[in-house]
Amino acid sequence: MSNPEVDAKALRCGASAEDDRPAGSSRVDVLSAREVPLGGPRAMRVRRTLPQRERTLIGAWCFADHYGPHQVAEAGGMDLPPHPHTGLQTVTWLFSGEVEHRDTLGTHSLIRPGEMNLMTGGHGIAHSENSTPDTAVLHGVQLWIALPEEHRHTARDFQHYAPGLTQIGGAAIRVFLGSLAGRTSPVRAFTPLLGAEIVIEPRMTLSLAVDTAFEHGLLVDSGDIRLIDTVLRPAELGYVPRGEDTLTMVNETDTPARAVLLGGPPFGEEIVMWWNFVGRSHQDIAKAREDWEASSDRFGVVEGSPGGRLPAPALPNAVITPRRNPPTRRTSR
C-alpha cells in the first residue's frame, strides 16, 4: 500500500535512552488512529496508528494502516496503481475481501483472509494493489517493516504464506511472522519480529508468553480488549515496552474480539521515512524520488496493472527535518 498523503511527512526514528515508568502508572500506552484517504474521487479511508508523534516504531514495525469493513459498492475499494518502495518490507493481511497484487518481479498474487503477502523492497521495487470485482467488503491491515542498514539495499523479493490456526482455550491465533503460542512462521524477515492475528471469544481471557526483549503493540480491530491493565477500543493500538514476559488480554464484550499483535526488539538505528521510501538521510529519499520519476530500472515495470504509475509528491523546500521516538519506558512490576 502507498502512503497517499501529498504532504508526506518526514519521520526519523530509532533507539533512544530509556527511563522508568512512574510508580503506579499504566503499563500500556494507548495510541489513537487518524483517518487518511487513499486518494481518488471515491477514496477509501484508512486508520493510521503508525507512525505518529507518540511512537514511530514498534520493533522494526514502522507503519500500520487499518481499514474497513468497507462496503465496496458504496465506498469504493482499493485501487492503487504502480508505486515504489525502498528500504522496507510490506505486509498485507486481510479479514475479508480479496486483493490482487502485481509487482516488478512479475508476481501476480491474490490474497485472501488468513493469508499474508510479504514484499521486500530493499534497493527498489514497485507494485500495484487492487481489490477484486468479487469483493463486496474489504477489511484488513497494511504494515511496513524497516530494513536494518546492512539489508536495506537487498534484492527485491516476494513471499506468500497461509499460517495454520492455533486454538488456545477461547482464542484462535494465526502467526504470520515470528513465533508465538508454539507456532513459528517460516517467512523470512531481517530483524526478529512477531506478527499474529488473535480472535478471543466473548468474556474470555488469554495469556500469552512473550519474549522479554520485545516491545509489543496490540492493534484492536473489533471488540474492547483489556491488555494487561488498560482497555483498548477498536482502532486503538496499545504499546507495551520490553520487559513483559506475559501479555494478558481479556475480551470485555459479548461478541468475539479481534486484534493484530506486533512485536520486536527496539530498532537500534535511526531512519528517515518519506512517502513510500525508508532511508537514512534526505539525500537517500531525494535520490529514490528522482529515480522513480525518471522511470529508472531501480524499480522496474509492473506488467498487467490497469492505469498509470502513481507520481511522487513534491519534496519539501528544505532538508527533511528528522524526528525520533520518545524515550522508551521500561515496565515496573
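Two strands are said to pair if DSSP finds at least two bridges between them, and the strands themselves are DSSP runs of E with at least two residues, numbered from the N terminus. The model is predicted, so that local features need pLDDT of at least 70, side-chain atom pairs count only at pLDDT 80 or more, and totals for chains, interfaces and linings use all residues. Residues are numbered from 1 along each chain as its sequence is written, and side-chain values use heavy atoms, with hydrogens and water left out.

Seven bridges connect β21 with strand β26 (residues 257-264), and the two run antiparallel; here leucine 218 faces leucine 261 of β26. β21 also pairs in the antiparallel sense with strand β24 (residues 237-240), over four bridges, where leucine 219 stands opposite leucine 237.

Elsewhere, an open sheet is formed by seven strands with antiparallel pairing, and their order is β4-β5-β6-β13-β8-β11-β14. Its edge strands, β4 (34-37) and β14 (157-161), each pair on one side only. Within this order, β8 (residues 88-96) and β11 (residues 116-121) are joined in the antiparallel sense over six bridges, and threonine 92 stands opposite asparagine 117 in β11. In general, strands of a sheet pair through backbone hydrogen bonds, either parallel or antiparallel.
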